[in-house]
Amino acid sequence: MNHSTHTEFSASIDTASWITLRWVRGTRYYRVHLEQDLWRNWLLTQVNGRRGTRLGRARSKPAPSIEAALLDLAAIAKRRRQRGYKLIS
């Protein structure tokens with residue numbers, strides 16, 4: 001077996017492009033994370049619930065590209081504004 005043709009695995013993940021946004025309205029919160037998984041696929045995770053309780057929900061969906069994920073993120077931000085949420089970070 002010839003080891004000189006070893007292909008090096010590039011595990012570079014673009015953490016500089018990860019985004020987390022948080023909104024609140026009264027006792028409700030909403031968080032969105034855009035990040036890459038270990039295989040460098042983009043993942044959009046939405047978390048929402050009521051502050052001060054353990055109740056809540058998390059949903060993740062893969063994005064075909066960072067551009068598609070950013071479009072989804074912009075649509076989510078627009079909906080949060082329309083529903084009276086305040087962006088806190």
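Lysine 61 counts as partly exposed because its relative accessibility is 38%, where partly exposed lies between buried (under 20% relative accessible area) and exposed (over 50%), with a 1.4 Å probe and protein chains only. The model is predicted: local features need pLDDT of at least 70, side-chain atom pairs count only at pLDDT 80 or more, and totals for chains, interfaces and linings use all residues. Residues are numbered from 1 along each chain as its sequence is written, and side-chain values use heavy atoms, with hydrogens and water left out.

The side chain of lysine 61 meets that of aspartate 72 in a salt bridge, at 3.2 Å from N to O; the term denotes a side-chain nitrogen of Lys or Arg within 4 Å of a carboxyl oxygen of Asp or Glu. Lysine 61 belongs to strand β4 and aspartate 72 to helix α1, so the pair ties together parts that are eleven residues apart in sequence. Helices (H or I, at least four residues) and strands (E, at least two) are DSSP runs, numbered from the N terminus. Aspartate 72, with 27% relative accessibility, also counts as partly exposed. The structure holds one salt bridge.

Helix α1 comprises 17 residues, 66–82, which at 1.5 Å a residue should span 24 Å; its end C-alpha atoms are 24 Å apart, in agreement. The expected span is 1.5 Å times one less than the number of residues. Which residues of α1 are buried? They are Ala69, Leu73, Ile76, Ala77 and Arg80. Seen down the helix axis, these buried residues fall within an arc of 100°, so they line one face of α1; the arc is that of the directions from the axis to the C-beta atoms. On the other side, Glu67, Leu71, Arg81 and Gln82 are exposed. Just after α1, glycine 84 takes a positive phi of about 85°.

The cover over the buried residues of α1 includes β1 (19–25), β2 (28–36), β3 (42–50) and β4 (56–63), where contact means heavy atoms within 4.5 Å. The helix lies across these strands and runs at about 170° to β2; axes are lines fitted to C-alpha atoms, for helices over the stretch in contact, and angles run from 0 to 180 degrees between N-to-C directions.

Five strands form an open sheet in the order β4-β3-β2-β1-β5, with antiparallel pairing. At its edges stand β4 and β5 (86–87), each with a single partner strand, so one side of each is left without a neighbour in the sheet. Two strands pair if DSSP finds at least two bridges between them. β2 and β3 pair over nine bridges, and arginine 31 has valine 47 in β3 as its bridge partner.
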